[in-house]
Amino acid sequence: MLRSGRGRYKIFLGMAAGVGKTYRMLQEGQAERRAGREVVLAYLEPHGRAETEAQADGLERLARRTVEYRDTQLEEMDLPAIFRRAPELALIDELAHTNAPGVEHPKRYEDIEDVLEAGIDVYSTVNVQHLESLNDRVAELTGVRVRETFPDTVLAAADEVVLVDLTPEALIERLRAGKVYPAERVEVSLQNFFKVENLATLRELALRQVAEEVESKRIVKQEEPLGTRERVIEAAPQAVAEHVLALITPRPNSQRLVRRAWRSAQRLGADLDLLYVQSPGREPAGEEREQLGAMARLASVLGARLLIEEGDDVARTAAAVAADRGATYVLIGQPPQRRGFARLGESLPERLMRLLPGVDVRIVADRGQRQDRAASP
Amino acid sequence: MLCERTLEASLRLAKAQGAVLMPAYLTVVPKELSLDAPMGVECESALALLELIDQRATRAGVEVDSRIERGRSARHALERLLQAETFDSVMLPARTSSSDGFAPGDVAWALDSAPGEVLVLRPDPGPTPDRRR
């Protein structure tokens with residue numbers, strides 16, 4: 001019996017083999033079974049780990065099928081058997097696996113797609129280095145190129161991504177204790193892939209990946225119609241990742257602000273946006289245009305993004321952009337001294353703080369003015 | 001590399017002429033990277049240096065408007081900078097056996113091609129305590 005509607009997809013993501021992804025998947029599968037759901041273990045790769053085997057006890061297992069390829073017998077997940085059994089939840093280990101030629105799909109994540117389409121929920125596992133977009137970076141950072149990759153869209157389309165986290169030191173401890181690989185592979189692994197620095201890098205990538213998934217889902221939800229732009233600003237929740245926005249003007253003294261903003265962004269590991277709010281319908285000309293051109297080149301060399309927005313109200317326009325971009329810090333230059341009636345109203349920093357609750361607003365002092373002050377008696 | 005003498009001379013000239021000083025950090029982009037690739041590591045040094053120049057210029061009462069320019073070579077970066085900016089004078093530190101700067105060929109190219117006054121600065125020969133006393 002096949003069910004109507006697509007199944008729910010939950011992926012257990014880890015930084016490397018041995019962190020406990022499969023174990024956690026089995027634990028959750030067991031919990032679902034105890035809650036009365038029909039759970040089958042469609043494919044398990046226990047790697048000879050006793051703890052993993054023990055955790056699978058009591059779960060209904062589907063037999064693997066044998067595929068012959070170049071005089072070799074290979075064992076693969078039996079996709080037709082899953083459809084015949086039609087459970088409520090299928091546990092399928094290692095979604096990045098490449099199937100033997102001759103089965104329905106070249107890759108296991110494609111098999112999983114069929115299972116989900118049949119209305120069956122799926123729990124699966126994968127390591128972060130298998131993500132297609134990270135392949136080059138992982139190879140560059142760790143010196144190890146992963147051949148089995150899967151598209152980022154698979155992770156993005158999952159209903160839930162669970163990060164199974166372990167410190168590099170704890171994982172190495174598990175490896176040394178023989179809980180990850182057989183004894184004869186331990187030393188080789190420690191000297192190659194399982195180095196603290198490699199694992200720390202992969203851990204960071206896994207943490208970032210999950211944070212970005214949460215962030216992208218948050219932004220998609222935010223795009224739902226919420227009424228006026230002002231209400232969008234008020235409704236924007238806090239972003240997980242740091243994001244710096246610097247308000248610039250097409251003048252040389254903005255360069256110092258950009259330098260400060262870039263350093264802050266570097267320290268926070270954040271993206272940097274530079275925003276210039278220009279009066280509506282007024283095209284920059286002359287020196288202003290030259291300065292904007294210089295700012296665009298500076299943004300490019302720094303890896304920042306230059307945004308030019310039209311708006312009568314700098315604070316409101318900046319606040320809208322900050323909310324849209326998920327800014328967590330806003331840097332502004334020292335506002336000019338206000339004169340006359342303007343002194344009675346709110347200043348730009350005050351307005352920004354009111355419009356962007358929870359966002360840090362930082363004022364970068366003008367060096368020239370500091371000199372003047374220091375020189376005065 | 002920026003030598004003390006180049007900076008001092010540039011500030012002195014800018015101050016005397018009431019000009020804006022445009023310190024430019026020229027960075028060479030490796031061929032395997034796109035010419036518009038972000039240069040994060042280079043920018044660490046560039047921004048620190050430009051900040052230092054900014055401080056010195058402020059103390060000297062000179063307005064600055066700094067740049068970072070990319071190119072496949074120092075000359076290429078300079079060429080791109082000269083095309084993008086308007087200026088009256090360009091000051092070039094020349095290379096010697098003991099210091100960085102523009103090679104004789106680059107200096108000759110600038111003298112021939114730059115649309116404005118070109119000042120070639122002899123690099124700082126090193127500390128000479130007697131003379132500075």
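## Where chain A meets chain B

In this predicted model, 20 residues of chain A and 26 residues of chain B make up the contact, meaning heavy atoms within 4.5 Å. Local features here need pLDDT of at least 70, and side-chain atom pairs count only at pLDDT 80 or more. Residues are numbered from 1 along each chain as its sequence is written, chains are lettered from A in the order in which they are written, and side-chain values use heavy atoms, leaving out hydrogens and water.

Here's the contact in numbers:

| Item between chain A and chain B | Value |
|---|---|
| Buried area (accessible area, 1.4 Å probe, lost on being put together, summed over both) | about 1900 Å² |
| Salt bridges (Lys or Arg side-chain nitrogen within 4 Å of an Asp or Glu carboxyl oxygen) | seven |

About 49% of that buried area is on carbon and sulfur atoms. As for salt bridges, A:Arg259 forms one with B:Asp54, with the closest N and O atoms 2.5 Å apart.

The largest share, eight residues, comes from α12(A).

Now for the nonpolar cores: sets of buried (under 20% relative accessible area, 1.4 Å probe, protein chains only) Ala, Val, Leu, Ile, Met, Phe, Trp, Tyr and Cys residues joined through side-chain atoms within 4.5 Å. The largest has 64 residues, and A:Tyr9 is among those touching the most other members. Apart from it lies another core of 37 residues, including A:Ala304 and B:Val29.

Conventions
Buried area = accessible area lost by both parts, 1.4 Å probe. Helix = DSSP H or I, 4+ residues; strand = E, 2+ residues; numbered from the N terminus. Buried < 20%, exposed > 50% of the residue type's maximum accessible area, 1.4 Å probe, protein only.
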